[in-house]
Amino acid sequence: MSNQTGSDRPSAKSLKPLRTLWPFITPYYRTLIAALLALLIASAAMLAMPVALRFLIDNGFIAQNMETVNRYFGWFLAATVIFSLFAAMRYYLVTWLGERVVADIRNAVYGRVIRMDPSFFEVTRTGEVLSRLTTDTTLVQSISGSGLSIALRSTLSLVGGLAMLILTSPQMAAYTLIGIVVVVVPVIITGRFIRKLSRQSQDRVADTSGLAGETLNAMQTIQSFTLEELQTGRYAEAVRQSFKTAVKRIRLNAVLIGLAFVLVFCMLTVFLWAGSRAVLAGSMTPGQLGQFLMYAFFVGSSATALSSLWGEVQRAAGAMERLSELMQAEPVIRAPAEPEYLPDRIDGRIVFDHVTFSYPSRPESRALDDVALEIEPGSTVAIVGPSGAGKSTCFQLLLRFYDASSGTIKVDGHEISRLDPLALRRQIGLVPQETVLFGETAMENIRYGRPDASDEEVRQAAVLAAADTFIQQLPEGYQTFLGERGTRLSGGQRQRIAIARAILKDPPILLLDEATSSLDAESERLVQVALEHLMENRTTLVIAHRLATVKKVDRIVVMEHGRIVAIGSHQELTLNNELYARLSELQFGDI
Ligand SMILES: Nc1ncnc2c1ncn2[C@@H]1O[C@H](COP(=O)(O)OP(=O)(O)O)[C@@H](O)[C@H]1O
Ligand SMILES: [Mg+2]
């Protein structure tokens, strides 16, 4: 099940990974300094309050002096106002910093991942990347924003409070320390159990959302089999489990809260009792007692806050470790130091020079085996072969998603490994078997072909791709949302969107992976018309599944087991090549 909740993300063994946060913070050092200043001022004001309280009691109340009462009340009030003002400022600045840092980390991770090559995604599941982008950044956010704010404030008031306690009464300070240990140790121990339970309960929640997601994506299947009752039952069971684990957790939490309250109040009562005795014996003034109790409260609450923060910090370190892994990932395919120059528009001559290739995940089997092929600029070559023959692999290598194990691929005489992959891919248009629609308007979906194209150019491309008519009939024409959220398009319509994209890009080299799913006659005709427009004036490599395509091209390459087994025209191959004859009978329905 997916890691959507964060509690099941492992912690880091050390806090070292948090160091990788630093480069993200340094650009905002001014904010950081301002936050620290606000923190210092707020803490100083807070630590001054008990002193004002003591003078108020000793010099005002006890001495029955109205003027002093007024004066120290004024001080007390001033300390409160300064504290509140700067505490708010500190909160704002630190939280702002946290949000900013995490926003930058998200951008950095996404920017890195989107440039990785396919071999990276063969070992990294996209679900994992997604959960790093969402869950792990959220963990880091909670620690680098509010967590950092709490940590800084609590550390300062703990240290300052302790120092002031020792100044007030060293003996009582020693008692306080013992008291803190008594309160904090159970919090830490139970905290560990609570974290474990909360991980379990989050897992159960993830189970329920996993189940819901699965079924919501298959609504029609479920309803057509009338499985609503069964699914409702399964969901209810998952919810019951998640409730059960949650109850376990909150029960323990309740015990912890009760325990902490009892301990804290017992301790304060003991202090009050011991303090009162000291006051009566004359070894302490009532004001000193008040001051002491207030510092003890500061110190105690800071220690509790810090101890409950500890687990968060460890988890954030774990999250940061996983994030920096992604940020340090290097694509295998990179531009050489001095890439060879490609003109804006190349001629489109393609040469496969004895190319052999195995996918990194399957080094023992050859996806391409000594493939040699020359394609003249402007010509069209069809590749046919049974599935698994290596047809798509040829495209992958030409686009340089992988590098050949041996042999070279040349485009206009340049070895593609000597080119910048971006410059190479700019010359190539790909119409894949399955068109990917993005959750945007029809207009924007086509504009993916060339992001700087004008609306008018997009429309012209759609007209050439025989897509204009059906797009105009959509509820909002070119402004209709496509993709998952929007209108579903038929297979033929999706293909024509892809063709319009390629027409818009207008590349000298076109790679076309024909859809295997059969289209109805009308769609077939429209797609064919669109393709003819598209294939004009460019070098085209087409993985062919249609009779109309293979009949038209002059050179057909037959592939099997990664090898080229025959080259010829449809007529020649039908007569001379057994594999082709069989394929054409099965795939093209031609006898
Ligand atoms: N990403 C991949 N990792 C490992 N093996 C792959 C990968 N893609 C394809 N293959 C294997 O390479 C061979 C050729 O695949 P492919 O070029 O996709 O065949 P075709 O497009 O002709 O159906 C097949 O045996 C296939 O299983
Ligand atoms: Mg294929």
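Analyst: H15 and H16 are roughly parallel to each other, an angle under 35 degrees by the convention used here. This is a predicted model, where local features need pLDDT of at least 70, side-chain atom pairs count only at pLDDT 80 or more, and totals for chains, interfaces and linings use all residues. Residues are numbered from 1 along each chain as its sequence is written, with chains lettered from A and ligands numbered from 1 in the order written.

User: At what angle do H15 and H16 cross?
Analyst: Roughly 10°, and the axes of H15 (residues 491-505) and H16 (residues 521-535) come within 10 Å. Helices are DSSP runs (H or I, at least four residues), numbered from the N terminus. Axes are lines fitted to C-alpha atoms over the stretch in contact, and angles run from 0 to 180 degrees between N-to-C directions.

User: Which residues of H15 and H16 meet?
Analyst: On H15, Ile499 and Ile503 are among them, and on H16 they include Leu526 and Leu534. In contact means C-beta atoms, placed from the backbone, within 7 Å.

User: Switching topic: which residues come nearest to ligand 1?
Analyst: Tyr359, Ala367, Lys391, Ser392 and Thr393, of the 13 around ligand 1. A residue is near if its C-beta atom, placed from the backbone, lies within 6 Å. Helix H10 (residues 391-398) gives the largest share of that shell, 3 residues.

User: And how far apart are the C-alpha centres of domain 1 and domain 2?
Analyst: 55 Å. The domain assignment, automatic or from a database, gives 16-328 for domain 1 and 350-587 for domain 2. 4 residues of domain 1 are in contact with 4 of domain 2.

Conventions. Helices (H or I, at least four residues) and strands (E, at least two) are DSSP runs, numbered from the N terminus. Angles under 35 degrees count as roughly parallel, over 145 as roughly antiparallel, 65 to 115 as roughly perpendicular and the rest as oblique. Two residues are in contact if their C-beta atoms, placed from the backbone, lie within 7 Å.
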